Amino acid sequence: MPNGVNALIQTLVDAGITTCFTNPGTSEMHFVAALDTVPEMRAVLALFEGVATGEADGYARMADKPAATLLHLGCGLGNGLANLHNARKGKVPVLNIVGDHATHHVQYDAQLQSDIETVARNVSSWVRTSESTAALCQDAVEAIAACMGPPGQVATLILPADVSSGEGGVPVPLPKIPRPTAADDATVAAIARALQGEGRKGILLGGRALRAPALMAVARIAAHTGAKLFAEVFPMRLERGAGLPPVERIAYLAELASVQLTGLDQLILVDTKAPVSFFAYPGKESYLVPEGCQLHELASPRQDVLGSLEKLSTAVGAGQATPALQPLKRPDRPRGKFTADKVCKAIGHLLPENAIIADEAQTSGIMLAMYTAGAPRHDVLTLTGGAIGQDLPNAVGAAVACPDRKVIALAGDGSAMYTIQALWTMAREQLDVVCIIFNNRAYAILNVELQRVGAIGAGEKAKAQFDLNHPPLDFVRMGESMGVPSRRATTTEEFTAALEHALRTPGPHLIEAIVPPTLAGLKLRVLPHLLQSLAKLPLPVARALKRAIAP
Ligand SMILES: Cc1ncc(C[n+]2csc(CCOP(=O)(O)OP(=O)(O)O)c2C)c(N)n1
């Protein structure tokens, strides 16, 4: 008879969960020891739990199946919470396995004792402490089924040390997961009528609706009915580039999002919810659906998205329509003064076929979507829950899931510092990741937010909370110290050459781009590009943006 944890790992592997991102402690020692008995399970060590959880998130986004994490009691799980929050918001399946004290030890309230279930509940839609070795594998398959959804969810299985080491565990096969159903006929017919009627129509896509097959189906509907395609502001995974239908992402700035949506009479939601502002700002709307616009839901996150779109396509007669597809079109090699804009342009110029971009570039990435729109086909992973520190771990997970694809991780200097230890895992696993750190020596976006919320009386002490220049961070030394070949770029030519080198040389790389904060010159310099990237929206956008930056 295998002991509990052997049977557990076998159960995971049998269910297709073959990767575990770990940061173990004493209560997980039986799990760690059992890893060698199940060769199909890959274990990837992370040096902080927030890295492990972000890795599991990035992995699942690209592998379309969950990875496990192995975390140490309530404190370890708590350290991983921000990236589990991002996974939850992105509806990404993650299976946490959290070790706990042996059941007979709990009464003593030892140092690491805490209420793990309470920590887990904030992010997990399924939480259970396994009570016996005999029940463990059944608990595990229920956790796996819960996290696979749809929608994808975080499930947390808490594993007391004596349950994991006990005898009598027997692997349990994953039960058949029921197929989600497509939108019913009445819903499809009502939406078909709305799309065939008068007025301006939009289709807002999220989750699985931003994957290639769904995009092709919805692009036919759009071509046939004149509806405009939008993507939710922070998609968990967006397939885009040459050969795919272009989709306009809703802007982070609510003022801009309102302008994008202004005038819509019908808005169809597909695997997403109605757009809302990230935060509440004085005098500005929180709910972004324009007044008078009729809202419809074709498919909820629980439903069959592709099947629903195909039904709708048939209902509107779009089966033979020719979808508008993005032609291959790259920007020229960038030249001149070095800015974040030039970094984005260089990425658009050089992006390899089938790349994965993990984007947490914050203010420095404003131009990225425009410069990469016509690049070869690629995937973009974004900051689904707004909790920064996702990007470098996400890139690790994506690279583990897709060893044949180049991963490009774009992070602001502030964001990168939350989970910088991910570099070490990249080096240890020799992952094909190019990390580009925009070192603008600031939490630049918070300077903008300070104005937007209308905070009064911000002086030197307030501004100092956004300054990262005293002392300046040295990402080249950080990268090198963790085993990642690293270069600093202070000119456009240096950066482009460094990117060329990194893209043609396997293994991890870091490029520290020393750039000025982008939004500092936004009104004057970047605005025309921004308008262009928002499909040449005219003057109202400029006005809205000005109001946003300098109310
Ligand atoms: C977990 C978490 N902590 C803090 C924040 C608040 N926050 C949002 S953006 C930001 C700074 C980002 O700085 P950086 O990555 O350097 O990008 P920049 O603003 O300079 O473009 C901070 C601290 C957050 N969103 N999430």
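The count of salt bridges in this predicted model comes to 20. Side chains of opposite charge can pair when their charged atoms come close.

**Arg208 and Asp271**
- Arg208 pairs with Asp271 in a salt bridge, and their closest N and O atoms are 3.0 Å apart.
- This pair links distant parts of the chain, 63 residues apart.
- Arg208 sits in the loop between strand E7 (201–205) and helix H10 (212–225), while Asp271 belongs to the loop between strand E11 (266–270) and strand E12 (294–299).
- Arg208 is partly exposed, with a relative accessible area of 28%.
- Asp271 counts as buried because its relative accessibility is 4%, and buried means under 20%.

**Lys284 and Glu255**
- A salt bridge also joins Lys284 to Glu255, with 3.1 Å between the closest N and O atoms.
- Lys284 is partly exposed, at 24% relative accessible area.
- Glu255, with a relative accessible area of 8%, is buried.

**Arg477 and Asp474**
- The side chains of Arg477 and Asp474 meet in a salt bridge at 3.9 Å, N to O.
- Is Arg477 buried or exposed? Arg477 counts as exposed because its relative accessibility is 64%, and the cut-off for exposed is over 50%.

**A network of salt bridges**
- Which residues are linked in a network of salt bridges? They are Asp64, Arg211, Arg237, Glu239, Arg377, Asp379 and Arg405.

**The second largest pocket**
- Rolling a probe the size of a water molecule over the atoms shows where empty space is left.
- The second largest pocket has a volume of about 870 Å³.
- How many residues line the second largest pocket? Its lining has 38 residues, and Lys89, Lys91, Glu232, Lys273 and Thr384 lie nearest its centre.
- Helix H5 (residues 81–90) gives the most to this lining, with four residues.
- Sorted by class, the lining of the second largest pocket holds 16 nonpolar, 14 polar and eight charged residues.

Methods: Residues are numbered from 1 along each chain as its sequence is written. This is a predicted model: local features need pLDDT of at least 70, side-chain atom pairs count only at pLDDT 80 or more; totals for chains, interfaces and linings use all residues. Side-chain values use heavy atoms; hydrogens and water are left out. A salt bridge is a side-chain nitrogen of Lys or Arg within 4 Å of a carboxyl oxygen of Asp or Glu. Helices (H or I, at least four residues) and strands (E, at least two) are DSSP runs, numbered from the N terminus. Buried means under 20% relative accessible area, exposed over 50%, partly exposed in between (1.4 Å probe, protein chains only). On a 1 Å grid over the protein atoms alone, a cavity is a set of points where a 1.4 Å probe fits but cannot get out, and a pocket is an open set with protein on both sides within 12 Å along at least five of seven lines; lining residues have an atom within 4 Å of a point. Grid points are joined across faces, edges and corners, and a volume is the space filled by probe spheres set on the points. Ala, Val, Leu, Ile, Met, Phe, Trp, Tyr, Cys and Pro count as nonpolar, Asp, Glu, Lys and Arg as charged, and the others, Gly among them, as polar.
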